[in-house]
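Trainee: I have the sequence and the model open. Can we go through it together?

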Amino acid sequence: MVARARWETVQRWYEAELVRDLLGDWVLMRRWGSKTSRQHGELSHLVAGEAEGRQFIERINLVRLRRKPAYWRVY
């Protein structure tokens, strides 16, 4: 089972994806960038399990909503 989420503003985007790697570990991939340029970044986090990864995504959601301007969740 893969969990994905994406948030956007007018100029920026942010994604989180929970996946299993080849060793069977759960990894949360975070990606972000600009819609107007090629600038982007990526960071991965090893999480203990699927439940912890989904909680991490929900915490990210709260942070994105508090940003000014706020990000809206696309999926």
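**Walking through the model**

Trainee: What is the relative accessible area of Arg-73?
Mentor: It comes to 35%, so Arg-73 counts as partly exposed. The cut-offs are under 20% relative accessible area for buried and over 50% for exposed, with partly exposed in between, using a 1.4 Å probe and protein chains only.

Trainee: And what sort of model are these values from?
Mentor: A predicted one: local features need pLDDT of at least 70 and side-chain atom pairs count only at pLDDT 80 or more, whereas totals for chains, interfaces and linings use all residues. Residues are numbered from 1 along each chain as its sequence is written, and side-chain values use heavy atoms, with hydrogens and water left out.

Trainee: Back to Arg-73. Which side chain does it meet in a salt bridge?
Mentor: Glu-58, at 3.6 Å from N to O. A salt bridge here is a side-chain nitrogen of Lys or Arg within 4 Å of a carboxyl oxygen of Asp or Glu. Arg-73 sits in strand β5 and Glu-58 in helix α1, so the pair ties together parts 15 residues apart in sequence. Glu-58 is partly exposed too, because its relative accessible area is 40%.

Trainee: How many salt bridges are there by that rule?
Mentor: The count is 8. Glu-15 and Arg-6 form one of them, at 2.6 Å, and both of these residues are buried. Glu-42 and Arg-31 form another, at 3.7 Å. Arg-31 has 21% relative accessibility, so it counts as partly exposed.

Trainee: Different topic. What does the secondary structure come to?
Mentor: There are 1 helix and 5 strands, and from the N terminus the elements run β-β-β-β-α-β. Both are DSSP runs numbered from the N terminus: helices are H or I with at least four residues, strands are E with at least two.

Trainee: In what order do the strands sit in the sheet?
Mentor: The order is β4-β3-β2-β1-β5, in an open sheet of 5 strands with antiparallel pairing. Two strands pair if DSSP finds at least two bridges between them. The edge strands, β4 (40-47) and β5 (72-73), each pair on one side only.

Trainee: How many bridges join β1 to β5?
Mentor: There are 2 bridges between β1 (residues 3-8) and β5, which run antiparallel. Trp-7 has Arg-73 as its bridge partner in β5.

Trainee: Where does the helix pack?
Mentor: On the sheet: α1 (residues 50-66) touches β1, β2 (12-20), β3 (26-34), β4 and β5. Contact means heavy atoms within 4.5 Å. The direction of α1 makes about 170 degrees with that of β2. Axes are lines fitted to C-alpha atoms, for helices over the stretch in contact, and angles run from 0 to 180 degrees between N-to-C directions.

Trainee: How many residues are in the largest nonpolar core?
Mentor: It has 13, and those with the most contacts inside it include Trp-7, Ala-16, Leu-28 and Ile-57. A nonpolar core is a set of buried Ala, Val, Leu, Ile, Met, Phe, Trp, Tyr and Cys residues joined through side-chain atoms within 4.5 Å. β1, β2, β3 and α1 each give two or more residues to this core. Leaving aside neighbours within four places in sequence, Ala-16 is in contact with residues including Trp-7, Leu-28, Ile-57 and Ile-60.

Trainee: What about Glu-8, buried or exposed?
Mentor: Buried, because its relative accessibility is 15%. Glu-8 is in strand β1. Its side chain makes polar contacts with the side chains of Arg-6 (2.7 Å) and Lys-35 (3.1 Å). A polar contact is a pair of N or O atoms within 3.5 Å; within protein, one must be able to donate a hydrogen and the other to accept it, and residues adjacent in sequence count only if both atoms are side-chain atoms.

Trainee: Which side chain does Ser-34 join in a polar contact?
Mentor: That of Thr-36, at 3.1 Å. Ser-34 lies in strand β3 and is buried, with a relative accessible area of 12%.
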